[in-house]
Protein chains: 2
Amino acid sequence: MKKKKAKAPFEGLRVLDLSRVLAGPYATMMLAEMGAEIIKIEMPVTGDDSRHFGPFINGKSGYFSSINRGKKSITLNLKKEEGLQVFRELLKTADIVVENYRPGTTKKLGIDFEALKKIKKDIIYAACSGFGHSGPLSTFPAYDMIVQAMGGIMSITGEAGGQPVRVGTSVGDITAALFTVNGISAALYHREKTGEGAFIDVAMLDSQVAILENAIVRYVTSGESPTPLGTRHPSITPFQGFTTKDSYIIIAAGNDRLWEALCRALKREELLDSDDYKTNDLRTENHDKLIPELEKTILSKTTQEWMDILSDAKVPSSPINDVSGVFANPQVKARNMLVSTRDSKGKDLPMAGNPVKMNILEDKSTRVPAPDLGENTEEILKSIGYDDKKIKTLKEHGVI
Amino acid sequence: MKKKKAKAPFEGLRVLDLSRVLAGPYATMMLAEMGAEIIKIEMPVTGDDSRHFGPFINGKSGYFSSINRGKKSITLNLKKEEGLQVFRELLKTADIVVENYRPGTTKKLGIDFEALKKIKKDIIYAACSGFGHSGPLSTFPAYDMIVQAMGGIMSITGEAGGQPVRVGTSVGDITAALFTVNGISAALYHREKTGEGAFIDVAMLDSQVAILENAIVRYVTSGESPTPLGTRHPSITPFQGFTTKDSYIIIAAGNDRLWEALCRALKREELLDSDDYKTNDLRTENHDKLIPELEKTILSKTTQEWMDILSDAKVPSSPINDVSGVFANPQVKARNMLVSTRDSKGKDLPMAGNPVKMNILEDKSTRVPAPDLGENTEEILKSIGYDDKKIKTLKEHGVI
C-alpha cells in the first residue's frame, strides 16, 4: 500500500505551536527535525520570552535561535476575539497543537482540547507543563530547577558528602520535551489507525521521576535514599573520575578482565596480587584504600597520555570533555551532531544536531534559521484566505 | 475512516527485543507502556546481563524487574543456525526489532537490517548504541559514565570551583532510549503512510550532545566553555539552593516581582532599598555579596517552615527531595507516577510510572511483572507453529 515517497517521516504534518521558552519549543524542534511544519504562534511585540534571553548574537538571542530553527512565526494576540478567530481557522489546517502554558490557561482562552475538538475532530493536543493537568500542585509555578529539586535527581547528583547540585543542563525541560514527542508520535500512529485525535498531558515533575532509574529500586530494597557519589559508580570499582597531571579522566573497569588490563596499563601489576582487590565486590568494599593507590599513579601523566595508554589496553576511558572538547571530538563531527544556521550577516551559528538518525530522514549539516518575530504572518494568513485589506485591519487592531 | 477502537496507541504491534541492560530495555519498556507486545529474546541460561545486577528482591534483580515489566521472555541462542531459524520465523510476525549491540554484531550474526528486510520488507529496525553505526569511535566500548564524560554534561555539573560530577541517573542511556522511541514512533507513522520500513541509528554520545542546550550557545558566543555552578543559575539571581536549619531549599526568584516577594517573605525588606540589587543583572553581578546575606537568614528556619512561608508568598521554591521525599510527594502520587508489580511472594515492587499521560491510554497503578528467563518460550514457539517434539529438540540442542 505504498502511497507516496516522503523525504522525512513527518512531512506534510502541520503543528500549531503555542509554546514558549524550553520544554515545548524543544519538543516542536524535534518534530521539525522529523519534517513537520511548525507554525509558532507568538504574542505581537514581545513574542516568545526566550527571544529576550542572552547570550545575543547580532542582536538575536542565541538561546532562542538554537531551539527554534526551522520554524515559522506568526504573531497573534489570543486574548482578542479576532486573534482567536484566526487561530480557529488555522486549526482546521493543522494536525497537532502543542502548548506549555500553566494548566487552565487554554481553557480560559477558550482553546483547550475540548473546545478545539469541536472544530477539528481529530486534533492531537499536547500539553507540556511543570506539574501536569491534575493533582494538588497542578498550577504551582515550575522552573527546571524546581522540578529537578522536587523530582529527586538533584539529591543523587554532586560530590560524595557534598551538597546536591543541579544537572548542568535543563533535564527537567528536555526529558519532558522528549516524552511529549513520544506521546505525539504515538498519537499520530493511533490517528492513522482509528481516525481519532488525542489529548497528551506530560509533566516535567513526572518526567524526572521516570528517569530516576535504579535509585528507586535501591531505595525500595534498602529503605535508604541514595546520596551523591561524585563520579563514582555505587557498585562497580574502579569506575569513576580521576585527576590527571592536567585535568581529569574517567576510567570504567567494569569487570575482572578490565581490572587486570587496567593494572597492567598503569604498571601497577602488584595490585593484582592483593587479596583485597580480587573481585569487583572486594574492590568496591575496599574502595577507600584502593582509589588513593590508583590516584597516585594517574596523577603522574596527562589525560591525553593516559588516553593513549588505556585505548591501547582497551580499557574504557574518556576525558571529561568541556564544550570545546565536544566540538573537537572526531566522533561528534563524524555523526553530524554539530549543525549550523547562517544568520542575516552570513555568520554561522553552530548548534546541536538531531540524534535520531534514520534512513528515511535526510540529515543535512545546515538548518533553516529561527524566524524573526512574525516573519511568516502575512504568508500564513494569505494561505488561509486573508487578503491585504483584512491583514491591515488585524494589524491596526493589534491582533497580529 | 474509523477502523477499530484500541485501548493503547501501540496495541497490536509486536517488538522483537534483542537489547540488554538499560538503553534498549528502557526504550522497549516505553513501547510496552504504549501497548506494544515486547518479546524479549535472551541467551539461554544467562539471559540479559542485568538479571545479575543488584539489588535483589526475593532472588530477582530489582534493576531488571523495573525496566522489563510487562514484557515476554523467550530464550534463543542466535549463535546457532536453529536459533536464527526461529528468529526469522518470529520476524515474519513482527513490526519492530530493537537492539543495543555494539555496531557490527548483528551483521556478524546475519540479522542486520539489510538481511532482515529480505524476510520482512517493512521491518522497523532500531539500533541504539554507545557511539552509533558510523564514525571513528563506532565500536569503542561505551558505558553511561563514558558518554556523560565525553559528551560534555559532566563538565557543567558539579559544585562551583569543584570537580565535575556524574549526573546521578544514567542520562546517557535514558536519553538515548527516548530518542530511539521517537525514531521508532515516527517510523511507524511513516510506515502507515508509505508501507516502508526504516533503519534507526541512535547513539548515546549523540544524545548527550543533543541535550547540552544553551551550554553550546554560551560557548559559541563567548569562546569559553561553561563550568559547573552548583545549583546556581548562570544569569538569574537569586535562583539556587540554600542551606536551611535542617537541609536545603531551592529558591527561584526569576524576576523583579518575585525578588520583592522573596525579600518580604524573608523579612529582609531593606535589601529592596539597596542600589546593588535593583535589577536581575545587578543581583547577578553582585551575587557574591547578596547570597551570603540571604544564606544567613535562610539558615534560621527549617525547609518545611520556609516552604510554608514561600508558598504563601508565591515564590517558586522546593525542598531538594531525596527518593523518600519523592515517594511522599502528593503530586507524584496524584499523577500515578509510582506504580508497582507484585512478585511471586505477593510483595509489591514499586517503580516509576509512565509520564506520557494520554486520553487514549489507560494508566493503571499496577504493571505485569518482568518475566522469568524464558518464561514465554513455549507459548511463543507454539504460536508460530512449533509442536512439543520440535520444542524438545531445540531444548536438547541448547537453542532455547
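Guide: Copies are superposed by least squares on the C-alpha atoms of residues with pLDDT of at least 70 in both. This is a predicted model, in which local features need pLDDT of at least 70 and side-chain atom pairs count only at pLDDT 80 or more, while totals for chains, interfaces and linings use all residues. Residues are numbered from 1 along each chain as its sequence is written, and chains are lettered from A in the order in which they are written.

Visitor: What superposes chain B on chain A?

Guide: A rotation of 180° with 0.0 Å of shift along its axis does so, with an RMSD of 0.0 Å. The two copies are therefore related as by a two-fold rotation axis.

Visitor: How do you know that the copies meet through the same surface?

Guide: Residues are in contact if their C-beta atoms, placed from the backbone, lie within 7 Å, and the contact takes 126 residues from chain B and 127 residues from chain A. Of the interface residues of chain B, 100% are also interface residues in chain A, so the surface is the same.

Visitor: What makes β8 of chain A and β14(B) a pair?

Guide: Strands (DSSP runs of E, at least two residues, numbered from the N terminus) pair if DSSP finds at least two bridges between them. Two bridges join β8 (residues 198-203) of chain A to β14(B), and these strands run antiparallel, with Ile200(A) opposite Met358(B).

Note on methods. Two residues are in contact if their C-beta atoms, placed from the backbone, lie within 7 Å. Helices (H or I, at least four residues) and strands (E, at least two) are DSSP runs, numbered from the N terminus.
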